[in-house]
Amino acid sequence: MDLKALAGNGMAGEEYRDRLKADPDLHWKAMLRHHRPRKPVIAAVEGHCVAGGTEMLQGTDIRVAGESATFGLFEVKRGLFPIGGSTVRLPRQIPRTHALEMLLTGRPYSAREAAVIGLIGHVVPDGTALDRALEIAGQINSCGPLAVEAVKASVYETAEMTESDGLAAELTRGWPVFDTADAKEGARAFAEKRPPVYKRA
């Protein structure tokens with residue numbers, strides 16, 4: 001949510017009004033509020049990633065930040081509500097005491113502190129967050145794409161299930177992967193002691 005736009009003439013300029021009219025959910029999709037891409041989403045953060053930025057961050061799967069990056073949910077300081085999903089998602093992603101402190105104080109968090117509480121996974125020298133994110137993306141890209149998608153889906157689908165229900169759902173999601181061309185190629189490559197070559201959609 002752009003505070004300058006909110007204080008001025010509304011949330012969307014003329015160039016976005018037609019797009020928002022055609023797809024009223026567009027701004028929530030852009031913030032990854034309740035739109036989860038099938039493929040992994042890796043965040044590379046440099047500088048300020050606050051308010052809507054920290055809300056969008058919660059829709060990503062893996063997070064890398066430069067040392068001087070800043071995080072936080074400043075909405076309460078401005079009398080606003082973090083409606084991008086933070087009151088729901090943040091306590092599921094980091095310990096509740098840290099989530100509530102971030103939500104209720106509206107204070108900034110350094111990259112190091114964000115890593116300590118589990119909001120981000122990697123802190124790297126400034127200017128190298130994208131390089132590290134691309135390195136991680138390359139590692140993921142070398143894996144079987146169908147397996148990667150199924151693993152990500154299983155993690156999110158089972159997050160709120162009991163362990164027994166989650167294990168049952170995991171089998172439903174996981175077993176079909178073993179019948180794919182990706183699985184056959186992975187086994188062949190292992191036997192032949194070579195890197196696998198997967199077909200990409």
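**Close-up 1. Ala-65 and its partner across the strands.** Ala-65 has Val-123 of E6 as its bridge partner. Helices (H or I, at least four residues) and strands (E, at least two) are DSSP runs, numbered from the N terminus, and two strands pair if DSSP finds at least two bridges between them. What you are looking at is a predicted model, in which local features need pLDDT of at least 70 and side-chain atom pairs count only at pLDDT 80 or more, while totals for chains, interfaces and linings use all residues. Residues are numbered from 1 along each chain as its sequence is written, and side-chain values use heavy atoms, with hydrogens and water left out.

**Close-up 2. E1 alongside E3.** Here E1 and E3 pair in the parallel sense, over four bridges. Look for Ile-42, which stands opposite Ile-62 in E3. E3 is mostly covered, with four of its five residues buried; buried means under 20% relative accessible area, with exposed over 50% and partly exposed in between (1.4 Å probe, protein chains only).

Close-up 3. As a reminder, strands of a sheet pair through backbone hydrogen bonds, either parallel or antiparallel.

**Close-up 4. A helix across the sheet.** Axes are lines fitted to C-alpha atoms, for helices over the stretch in contact (heavy atoms within 4.5 Å).

Close-up 5. The secondary structure comes to eleven helices and six strands, and the C-alpha trace spans about 60 × 40 × 40 Å along its principal axes. Of the 201 residues, 32% are buried. Among contacts between residues at least 6 apart in sequence, 58% join residues at least 24 apart.
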